[in-house]
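Dear colleague,

I am handing over the structure we spoke about, and below it I have set out what was found in it. Please read the notes with the structure open beside them.

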Amino acid sequence: MAAKLGATGQRLELGTQMRHLRENCPPTETDRVKGMTRKEAVRGLKGLSEATLGRIESGEANFRRNVGNLRTLLKRYGVVDEELIQQLVELNRDAPGEDWLTQYRSFMPTGMPHYVGLEAEAIVITAYHPTLVYGLLQTERYAKALLEAHRPVEDTTAESVKRNLELRMERKERVLRPKDRDPARLRIILGEAALRIPYGDDDVMREQYREIAGLAREDHISLQVMPFRRGYRSTNDFTILNLGSLPARVQTDNAWGAVSTSDKTREVDRFTRRFDAMVGVALGVEETIELLEALAKG
C-alpha cells in the first residue's frame, strides 16, 4: 500500500525539482552554458536569501510564507508549463501528518527533524551500528538506560531524556507499524559490541535480545550481527534511506551530535558498498537469531 508523500517528502520533491530547474535553465551570465547560481536566482527577491533557497532545495524548508517567490523563481527559470507550475505550488502546500514532530523539535539536534520526517517515509532503510542497538530496534527500557547513562556527561535534563525517549518510541512505531502504508523494509547490521555492551540491568538486556530476535523473524526485516572476527567493517555508523521516486540519502552522526545527510550519488554509493561488503562477513540471519536467543537465556 503506497502512501502519498508526507510533509517532509513533499518539501524534498519540491526542492529537488527547483534545484534541477535552476541548474538547467537558460543562463543569464555570458560565461555559463546553462543554469544560474543561487545568488543570481534570489537577486531582488524580498524574504528569500541565498541560504534560504539552499534550505529549500535540500528539502528542509519551502515557500510557505511567500508563494509569490516560488512563482517568480519559476518565471526566472523559464518555466511556462502551467501544469508544472501548479504541481509545484501544490507541493509547496503543507501536507498533513507531521504535526507529531513539532512537539519534539526543541530537543532534536541540528538536521534531525528533517531526517526523522524522511525516515518515516522511506521504503527501505539500510543501517549499520558498531556499538549500539540501532534506534528502531531498541526497547523502551534499553533506550531509557542508554539516555540516562549519557545524561551526566552530555549535561542533559530529565525532561530532555523523557522527550527523546518518547520520540524514539514514536519513530519506531511509525516505521515498523505504520497505519497508512506498508512498513519499510529494514536491512540492519549490528556490531557484536552493540549486543555485548550493557545498558540497564541483565533483565533489560535480555528483553532487548528477545525484541531484536522477534523483529529478525519478520519478513520485511533482515538483521545480521557482525561478530568479533577478521573482515571488513565500517568504523562509523550510518543509515541509508531509499525514498522511492526521490533521491536516496545517507545519514551519519558527527561528534557534535548533529545529523549530517547527503543525497549525492557518490556518497550514497560509497556507503552502500560499505554495507554490502559487511553482509558477507556478518553472521547469517538464522545464526544471528540463534546468538540472540542464547544471549537472552543468559
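**The sheet and its surroundings**

V250 stands opposite S262 in β6, and this pair belongs to the stretch where β5 and strand β6 (residues 259-262) are joined by 4 bridges and run antiparallel. Please bear in mind throughout that this is a predicted model, and that the values quoted here are computed from it.

On its other pairing, β5 meets strand β4 (residues 238-242), again in the antiparallel sense, over 3 bridges, and R249 of β5 is there the bridge partner of L241. The two strands β4 and β5 form a hairpin with 6 residues between them, and in the turn G244 has a positive phi of about 70°.

**G191 in β2**

G191 lies in strand β2 (residues 185-191). Is this glycine, G191, buried or exposed? Its relative accessibility is 4%, and because the cut-off for a buried residue is under 20% relative accessible area, G191 counts as buried. Leaving aside residues up to four places away in sequence, G191 touches Y128, H129, P130 and M226. The C-alpha atoms of G191 and F228 are separated by 8.1 Å, although the two residues are 37 residues apart along the chain.

**Helix α1 and what it packs against**

Helix α1 (residues 7-24) has 18 residues, and from its first C-alpha to its last it reaches 26 Å, close to the 26 Å expected at 1.5 Å a residue. Its buried residues are A7, T8, G9, Q10, R11, L12, L14, G15, M18, L21 and R22.

In the loop between α3 and α4 lies N62, which counts as buried at 16% relative accessibility. The side chain of N62 reaches the backbone oxygen of N92 at 3.0 Å.

**The α8 and α9 pair**

Helix α8 (residues 140-154) and helix α9 (residues 158-176) pack at an angle of about 145°, and their axes are 10 Å apart; the crossing in which α8 passes α9 is right-handed. On the α8 side the residues that meet the partner helix are E140, A143, K144, L146, L147, E148 and R151, while on the α9 side they are A158, V161, N164, L165, R168 and M169.

Between these two helices, in the loop that links α8 and α9, is D155, a residue that has a positive phi of about 60° although it is not a glycine. With a relative accessible area of 68%, D155 is exposed.

**The chain as a whole**

The protein chain holds 13 helices and 6 strands, and its C-alpha atoms fill a box of roughly 70 × 40 × 40 Å, taken along the principal axes. Of its 298 residues, 48% count as buried. Among the contacts in the chain with a separation of 6 or more, 70% are accounted for by residues 24 or more positions apart.

Notes: Residues are numbered from 1 along each chain as its sequence is written. This is a predicted model: local features need pLDDT of at least 70, side-chain atom pairs count only at pLDDT 80 or more; totals for chains, interfaces and linings use all residues. Side-chain values use heavy atoms; hydrogens and water are left out. The expected span of a helix is 1.5 Å times one less than its number of residues. Buried means under 20% relative accessible area, exposed over 50%, partly exposed in between (1.4 Å probe, protein chains only). Two strands pair if DSSP finds at least two bridges between them. Contact means heavy atoms within 4.5 Å. A polar contact is a pair of N or O atoms within 3.5 Å; within protein, one must be able to donate a hydrogen and the other to accept it, and residues adjacent in sequence count only if both atoms are side-chain atoms. Axes are lines fitted to C-alpha atoms, for helices over the stretch in contact, and angles run from 0 to 180 degrees between N-to-C directions. A crossing is left-handed if the near helix is turned anticlockwise from the far one by less than a right angle, and right-handed if clockwise.
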